[in-house]
Amino acid sequence: MPADAAAFERHPGRAVPLRWVTAAAIAWAGVVTWTAWASDDAFITLRTVENLLDGAGPRWNLIERVQAYTHPLWMLVLAAGTAIGRDPYYTAMLLSILASAGAMAVVAGRLALSAVHVAMVLTAAAASQAFVDYSSSGLENPLTHLLLAAYVAAWLHRDGRGGIRLLTLIGSLCLLTRLDLALLIGPSLAVRAWQCRPIHRAAIDLAIGGLPLVAWEAFSLVYYGLMLPNTAYAKLATGIPAGVLLSQGLRYFENSIAVDPLTLATIGLAMLAPWQRSLRGLWPLSLGLLLSLVYVAKVGGDFMSGRFFSAPFMVALCIAARMPLPRSRVSAAGLALVAAVLAAAGFRPQEVVDGNGISDERRIYSRGTRLVTQRELPLQSRSEVRRGLDWRDDPERVAIWGFVGMVGYYTRPDLHIIDPNALTDPLLSHLPAEPGWRIGHFTRQLPPGYAESVLQPASGITDPRIAEYDNVIRTLTRGPIWTLDRLRIALRFNAGGYDHLLER
């Protein structure tokens with residue numbers, strides 16, 4: 001057994017001195033603070049938080065209950081932080097920094113085999129453009145990183161009934177942050193549950209640990225009328241052929257290889273880790289990495305370069321923290337050289353938006369949203385913010401706008417904004433995307449009569465079948481919550497009972 005592994009066996013809770021763990025967390029917090037920024041999509045959640053704290057409920061437009069965010073747990077954490085700090089932007093930045101530092105502390109204190117491993121992980125994290133960019137951004141990624149690090153630590157160190165219960169609890173919190181993390185953690189959770197005997201007691205522990213997720217899904221069904229976020233329908237129910245999305249997904253991988261090769265290289269190395277005899281037991285984590293990458297390709301990737309790779313990269317860092325170090329100086333130097341070349345390849349100038357619609361979001365939005373430049377370039381310097389502020393004096397009650405984050409947050413809360421990209425619109429998210437779409441921006445055509453009647457109690461859409469479908473959605477999103485008729489409609493809707501109205 002290598003010396004570093006032997007040290008960990010003697011002290012399974014921590015093989016690295018606390019001072020090095022603290023130094024790693026502080027160093028990473030410094031990196032995240034220096035680079036911290038906010039994406040436009042983050043302000044969609046912030047408007048929801050504002051409405052929730054103002055007593056209107058967790059909704060985006062005031063007249064309808066729509067889950068316009070993918071990350072319930074992150075939204076609730078932001079709401080709790082904003083209730084204390086009062087400023088949603090600074091709250092999001094602070095929570096991102098704390099979550100990112102916490103994730104690094106877990107890796108260094110609970111997973112790393114030596115101080116050299118800590119330095120290696122910290123260097124790889126700082127050299128990954130995707131991981132640096134989405135350790136802030138105002139989105140859920142920092143919380144995802146923290147929960148995944150805690151999950152891997154629990155998976156490695158906790159056995160028996162208490163272990164599976166804790167593991168499932170952390171796993172359910174992961175799914176409350178993003179449901180598609182089920183592919184990343186699913187294989188490892190299934191293996192651990194199978195190893196926990198008797199199986200019926202493991203099932204009980206799984207049910208207890210999964211209570212937070214069950215509770216949210218029950219709330220979502222009752223309050224929103226749907227069990228999935230509206231954003232899932234907007235981005236997955238597009239009607240675009242699977243082959244077309246797969247081709248776009250492969251371009252997403254190509255973009256990452258071109259601008260940030262270290263990220264995918266690290267994930268690939270972690271996927272191959274079980275081939276080493278000392279790391280064979282990590283194969284469920286590697287399988288989760290493979291499934292998550294397949295999913296990213298299948299759904300077409302994203303328009304935010306690297307964002308969907310930050311969670312797999314976090315798991316890859318956890319695996320890297322367990323890898324045996326090269327025994328010879330030549331091997332170590334060669335590995336360091338390869339890593340340096342990959343890191344350097346990602347620091348050359350790139351297009352802000354490439355020909356496939358994949359963009360460097362931090363470069364686009366850091367001007368005006370970056371934390372350390374707020375005094376020189378505040379949020380109000382952004383044109384989107386000024387447009388939202390201008391709309392506060394506009395007498396119109398309805399507006400149509402595609403990039404709804406900052407505009408929606410800074411305008412008045414009672415302005416009903418129709419989002420043609422359907423992230424916040426409960427009807428458009430179920431309609432097929434128009435030709436000429438950009439990944440992550442699946443524009444829908446507004447049915448005739450929709451905009452004119454959106455504030456009315458009944459649909460004014462001229463197509464009778466779409467109008468009937470719209471009225472069903474209005475019952476779910478605007479009707480009284482506590483009625484048996486609405487619950488019956490919600491159950492039928494979630495089972496696809498009204499899909500025939502949109503068939504052509």
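Modeller: The discussion below goes from the overall fold to helices, salt bridges, a surface patch and backbone angles.

Modeller: This is a predicted model, in which local features need pLDDT of at least 70 and side-chain atom pairs count only at pLDDT 80 or more, while totals for chains, interfaces and linings use all residues. Residues are numbered from 1 along each chain as its sequence is written, and side-chain values use heavy atoms, with hydrogens and water left out.

Colleague: How many helices and strands does the chain have?

Modeller: Helices (H or I, at least four residues) and strands (E, at least two) are DSSP runs, numbered from the N terminus. The chain has 24 helices and two strands. Its radius of gyration, taken over C-alpha atoms, is 23 Å, close to the 23 Å that the globule rule gives for 504 residues, so the chain is as compact as a globular protein of that length. The rule itself is 2.2 Å times the number of residues to the power 0.38. Along the principal axes, the C-alpha atoms fill a box of roughly 75 × 60 × 45 Å.

Colleague: What share of the residues counts as buried?

Modeller: Buried means under 20% relative accessible area, exposed over 50%, and partly exposed in between (1.4 Å probe, protein chains only). By that scale, 54% of the 504 residues are buried. The accessible surface (Shrake-Rupley method, 1.4 Å probe; for residues, only the protein chains shown count as cover) comes to about 21600 Å², and 65% of this belongs to carbon and sulfur atoms. A contact means heavy atoms within 4.5 Å. Among contacts with a separation of 6 or more, 71% are between residues 24 or more positions apart.

Colleague: How is the length of a helix to be read, and what span should the 16 residues of H16 have?

Modeller: The expected span is 1.5 Å times one less than the number of residues. For H16 this gives 22 Å, and the end C-alpha atoms are 22 Å apart, which agrees. Helix H23 (residues 464-478) has 15 residues and reaches 20 Å, close to the expected 21 Å.

Colleague: Which residues make the nonpolar surface patch?

Modeller: Patches are made of residues with over 30% relative accessible area and no salt bridge; like charges are joined within 9 Å, and nonpolar side chains (Val, Leu, Ile, Met, Phe, Trp, Tyr) within 5 Å. Here Leu183, Trp283, Leu287, Leu290, Leu291 and Val294 make a patch of about 480 Å². Helix H16 (residues 283-298) supplies the largest share, five residues.

Colleague: How many salt bridges does the structure hold?

Modeller: A salt bridge is a side-chain nitrogen of Lys or Arg within 4 Å of a carboxyl oxygen of Asp or Glu. The structure holds eleven. In one, Glu384 and Arg382 have their closest N and O atoms 2.9 Å apart, and both residues are buried. Asp414 and Arg412 meet at 3.0 Å, N to O, and Arg412 is buried at 15% relative accessible area. A network of salt bridges links Glu140, Arg178, Asp180 and Arg307.

Colleague: Where do Arg488 and Asp485 lie?

Modeller: An α-helix has 3.6 residues a turn, so residues three or four places apart point the same way. Arg488 and Asp485 both lie in helix H24 (residues 484-494), three residues apart, about one turn. Their salt bridge has its closest N and O atoms 2.4 Å apart. Arg488 is partly exposed at 46%, as is Asp485 at 42% relative accessibility.

Colleague: Which residue other than glycine has a positive phi near 80°?

Modeller: That residue is Ser137, found in the loop between helix H7 (129-133) and H8 and buried at 0% relative accessibility. Ala422 also has a positive phi, of about 75°, although it is not a glycine. Ala422 lies in the loop between strand S2 (416-418) and H22, and is buried with a relative accessible area of 0%. Gly300, which follows H16, has a positive phi near 90°.
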